[in-house]
Amino acid sequence: MFPTSLDAFLGLIHHHGEAAYSLMFGYAMAHTLLLAIFAGYAAQAGALELGPLIAVCWAGTFTGDIIRFWVGRRFGTRWLGRWPRIERAVRLVARLADRHALWMVLVHRFPYGIRGIAGFAYGASSLSWPLFLALNFVAAGLWSATTVLAGYAFGFVAEKTLSDAASGLGVAMLVVFLGLAWVLSRRLERVIERG
């Protein structure tokens, strides 16, 4: 039942496309960068459609941050008292959002550690609902298009450079690409933490 090759896995995704789009909506709400990149790769392979995939990721990440913003606005940071490290991070991001709202909202989805807490921090900051909604809409579109198209581009390059006989090499290249995306995301997170 479980696919043993990349082609079989992509076939499974294609066969269960509606479930795959629903899964991507849920994962985009959590800002999972690597899955969005892989979904772009799957779109290039024909298992998913590119336009609907970008739209689903856009809607998911937009919705997820609206929910986190509402929680942050409603409860502030007091509900995080049991997790002091997370509470400090949320307060730091809230202070940064008070000073640099435009840039924070536009780039927070890319660094690994900040993605999950930024929406709460924006709610705890002085950022207004209308400004947040406008910036979040644009930022969600940028994030979904960038991540899905990065995976799509990788799939295009892999298809052009590898033959079917070397599909094991294609899987290895995909793993290396996803690993590099994760490492770069972690480094960007550290740079933002230092700043």
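## Residue T61

Apart from neighbours within four places in sequence, T61 is in contact with A28, M29, H31, R109, A140 and W143. T61 itself sits in helix α4, which covers residues 50-75. With a relative accessible area of 0%, T61 is buried. The model described here is a predicted one.

## The chain as a whole

The chain contains eight helices and zero strands. Read from the N terminus, the order of elements is α-α-α-α-α-α-α-α. The chain has 195 residues, and 43% of them count as buried.

Among contacts in the chain with a separation of 6 or more, 82% are accounted for by residues 24 or more positions apart. The accessible surface of the chain is about 10,600 Å², and carbon and sulfur atoms hold 68% of that surface.

## The largest nonpolar core

The largest nonpolar core has 27 residues, and the members that touch the most other members are L10, I13, M24, L48, L53 and C57. Two or more residues are given to this core by each of α1 (6-15), α2 (17-29), α3 (33-44), α4, α7 (129-161) and α8 (167-194). Helix α3 supplies the largest share of this core, with eight residues. In soluble globular proteins, nonpolar side chains tend to be buried together.

Two members of this core, L10 and L53, can be followed through their own contacts. Not counting residues up to four places away in sequence, L10 touches F38, Y41, A42, A45 and A47.

## Residue L53

L53 is located in helix α4, the helix that also holds T61. L53 is buried because its relative accessible area is 0%, and the cut-off for buried is under 20%.

If residues up to four places away in sequence are set aside, L53 touches Y21, M24, A39, G40, A43, L48 and V148. Two of these partners, M24 and L48, are listed with L53 among the core residues that touch the most other members. For the pair L53 and Y21, the separation is 32 residues in sequence and 6.8 Å in space, taken from C-alpha to C-alpha.

## Helices α5 and α6

Helix α5 spans residues 84-107 and helix α6 spans residues 112-124; their axes come within 7 Å and cross at roughly 75 degrees. At that angle α5 is roughly perpendicular to α6. On the α5 side the contact is made by I86, A89, V90, V93, A94, A97, M104 and V105, and on the α6 side by I114, I117, A118, F120, A121, Y122 and A124.

By type, the residues of the contact of α5 with α6 are 15 nonpolar, no polar and no charged.

## Residue L106

L106 lies in helix α5. Its relative accessible area is 17%, so L106 is buried.

Leaving out residues up to four places away in sequence, L106 touches L135, V138, A139 and L142. L106 and A139 are 33 residues apart in sequence, while their C-alpha atoms are 4.7 Å apart in space.

How values were computed
Residues numbered from 1 in each chain as written. Predicted model: local features only at pLDDT ≥ 70, side-chain atom pairs only at ≥ 80, totals over all residues. Heavy atoms only, no water. Helix = DSSP H or I, 4+ residues; strand = E, 2+ residues; numbered from the N terminus. Buried < 20%, exposed > 50% of the residue type's maximum accessible area, 1.4 Å probe, protein only. Contact = heavy atoms within 4.5 Å. Axes fitted to C-alpha atoms, helices over the stretch in contact; angles between N-to-C directions. Parallel < 35°, antiparallel > 145°, perpendicular 65-115°, else oblique. Nonpolar A, V, L, I, M, F, W, Y, C, P; charged D, E, K, R; others polar. Core = buried A, V, L, I, M, F, W, Y, C linked by side-chain atoms within 4.5 Å. Areas by Shrake-Rupley, 256 points an atom, 1.4 Å probe, with all protein chains shown as cover.
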